[in-house]
Amino acid sequence: MSIRYLEQTKTFMLDTKSTTYQMKVDHLGYLMHTYYGETISDDDLSYLYIPADRGFSGNPYEAETDRTYSLDTLPQEFSSNGVGDCRKTSIEVLNADGSVAFAGTYKAHNIYTGKNKLEGLPSTFPGSEEVETLEITLEDAITNLQVILSYSVFEDEDVITRSVKVVNASTSAVKLNKIMSATIDFLHSDFDFIHFDGRHVMERNLTRTPVAYGVNSIESVRGTSSHQHNPFAILCDPKADEDHGDCYGFAFVYSGNFLCEVEKDQFSKTRISMGINPRNFCYLLGAGEEFQAPEVVMSFSANGFAKLSHQYHDMFRGHLITSKFVDQPRPVVINSWEAAYFDFDEDKLLHIAESSVDMGVDMFVLDDGWFGKRDNDLSGLGDWFVNTKKVKSGISGFADKINALGLKFGLWVEPEMVSEDSDLYRAHPDWAIKIKGRRPTRARHQLLLDFSRKDVCDYIIDALNTIIDSANIDYIKWDFNRNLTDVWSHALPAEQQGEVFHRYVLGLYRVFDEVILTHPDIIFCGCSGGGGRFDAGILYYSPQIWTSDNTDAINRLSIQYGTSFAYPVNTMEAHVSVCPNHQTFRTTPIDTRGIVAMGGVLGYEFDSTKLTPAEKEVCKTQIGIYKKDYDVIGNGDYYRLTAPDDNNHFMGWQFVSKDGKKAIASVVITEYEPNGAQRFLRLKGLEADAIYYIEELERKVSGRVLMKAGIPLSLILFQYDAIQYHLEKM
Ligand code: DGJ
């Protein structure tokens, strides 16, 4: 049993393989958070919190004369609002009488085997694992507003998922202004806060700061999870590193606005909350109505970040990604975008496809520019019919020609957008998101379709299914190239405009349900100008995501490094592109580009007709290695051997197969030192006493030596050179 309720002390114990999570209903009915960390057997750890009479921290009436009981200091599972706790809240409501009070106390609980789907939202699933779920209902005794806290325990992955449903059991409507899916109160603040920040073409750089007094937060208000902050964060011991120290991960299964706030309070306690961003959010909840908030996937490791990442990778591969391709080798694509941009016709594309065949690629992907009037980014979005001036055989005929070359066919779409210069916009200007009476913000000259509307989603579902079913398509790249601004819907009354951001995401998920989940044999690749929507919500539908529009191998080292903390390697699409690189103008060896792209889902993105025979041969070898070793790379354990800040000489990473028999270590020289020091690549995750044969060194070495002393890096590896070491356990 992974969930226990200890009646005598009113304590809930949630146990995974190596962690325990504990809560307790206290004498006034409030749900205290009492412990999260390494496995313990102790019942009722509430004594760790010492109630005290603290000035200016008030006492609830029901505490009577006890001046030591205060919601302002109590460690809680789901904080109250407006009744004494002045820290950041889990919920904010505007009650029918204009008050903002919510004081949820224990009403009931229920433990069941399995895990229910979250209505309208992607969420983790048990798969073949036995999962138990605990639901605890808290109710405000005055308003009858309830929250149902849901916890599911994934024992093997050391994961506990959390979500919250708000039930308006009162007789009048309320406005929900904030609802956080997970809150935890820790009794101390000896933490660093780690998050992954960036911008377009430079996503998910690791930021690490000590938790300081006040509120530290990351958020998105862009309608998507965003390039700027990823909805994944870690709280860890200030001394934690890859292999040591306590760390707690929080991943949000949602693709829209989010907030993760970490507050160090007056008594140096820490409250972390993650949920939908309350900014620009206001949901009208009629009497009897419910609001389901998305899920947070929490995991704890007492042994540093590598273990935490392995737990998330296993969790996402086993219990989040629904695609049947999740553990299968992915087709190696050649994508037309950096090869031709908008400037192509069918013959040009066929030449590229033809000349890629002997490289060993599996699939040709036709990117942007094939539909409507789309010769640049000024027009055409929304008109999802083929432009036969460019693709004369139509999508079906073109796909057949690609198939005749022995390649599969993939297609790019950007369904959530509309160009003002499009037939769709001319027919339905009110389908675009913009505020009545105001001129909208344009981004890449395009506007957003209002996916909060059912009729718009229905139209897009139909348009997409028509294209997809019209041809032999094996892969769809689903792009999204701007953020939500000027958010207002023609279809909702004024008092519900605060729902549009969230309804948009729900609309998107419904479209995904109807287009992606109904085509289980097609691989969907998420994309938002690269990695602007790289989140667990998208992964539920797409087994891989275009990691960044930046294809420069050196920049990709840190982008893929940051992404790997939460997301498995075989979710990060990574392409070898031409040099000088189109984003950075840097030149790197093609070997290096291949080795870096094999740190993700390997693909290619250049005009292969311009490659020399020798370059093609290199690509062919890369694809051969990738396919032979796919199981180690895609389904194994990933180790970061260096961090971008460790040194400016090289970056290293490593895969170890799940059975421990094979390992691949890769290294890229990021800065060559003339006549420089002898450097070593220290490996991880090996068996100390086992002997490994290293193909490239033609040498047998013990795991202990490889992990303690490492592999000496050749002194003739120059600037941007790379090397892969293949190890086999003897
Ligand atoms: C942004 C994507 O990230 C690129 O790969 C490409 O598909 C372009 N959009 C096409 O407009």
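Me: Is Asp347 buried, partly exposed or exposed?
Reply: Asp347 is partly exposed, because its relative accessible area is 38%. Keep in mind that this is a predicted model.

Me: Which side chain does Asp347 meet in a salt bridge?
Reply: Lys392, with an N to O distance of 3.1 Å. Asp347 sits in helix α3 (residues 346-357) and Lys392 in the loop between β22 (363-366) and α4 (394-404), so the bridge ties together parts that are 45 residues apart in sequence.

Me: What does Lys390 form a salt bridge with?
Reply: Asp375, and the closest N and O atoms of that pair are 3.3 Å apart. Lys390 is in the loop between β22 and α4, Asp375 is in the loop between β22 and α4, and they are 15 residues apart.

Me: Lys390, buried or exposed?
Reply: Buried, because its relative accessible area is 7%; the cut-off for buried is under 20%.

Me: How many salt bridges does the structure hold?
Reply: It holds 49 salt bridges.

Me: Which residues are linked in a network of salt bridges?
Reply: Asp85, Arg87, Asp185, Asp265, Lys269 and Arg271 are linked that way.

Me: What about Glu687, which side chain does it meet in a salt bridge?
Reply: Glu687 meets Lys729, at 2.6 Å from N to O. This pair links distant parts of the chain, 42 residues apart: Glu687 is in the loop between β34 (680-681) and β35 (691-694), and Lys729 is in strand β38 (residues 722-729).

Me: And what are the relative accessible areas there, starting with Glu687?
Reply: Glu687 has 43%, so it is partly exposed. Lys729 is partly exposed with 26%.

Me: Changing topic. How many residues of helix α10 are buried?
Reply: 7 of the 8 residues in α10 (residues 590-597) are buried, which means the helix is largely enclosed by the rest of the structure.

Me: Which ones are the buried residues of α10?
Reply: They are Ile590, Thr592, Arg593, Gly594, Ile595, Val596 and Ala597.

Me: Now the surface. Which residues make the nonpolar patch of about 310 Å²?
Reply: Tyr47, Leu48 and Leu187 make that patch.

Me: Where does Tyr47 lie?
Reply: Tyr47 lies in the loop between β4 (31-38) and β5 (91-94).

Me: Why does Tyr47 count as exposed?
Reply: Because its relative accessibility is 58%, and the cut-off for exposed is over 50%.

Terms used: Residues numbered from 1 in each chain as written. Predicted model: local features only at pLDDT ≥ 70, side-chain atom pairs only at ≥ 80, totals over all residues. Heavy atoms only, no water. Patch = residues over 30% accessible without salt bridge, like charges linked within 9 Å, V, L, I, M, F, W, Y side chains within 5 Å. Areas by Shrake-Rupley, 256 points an atom, 1.4 Å probe, with all protein chains shown as cover. Salt bridge = Lys/Arg side-chain N within 4 Å of Asp/Glu carboxyl O. Helix = DSSP H or I, 4+ residues; strand = E, 2+ residues; numbered from the N terminus. Buried < 20%, exposed > 50% of the residue type's maximum accessible area, 1.4 Å probe, protein only.
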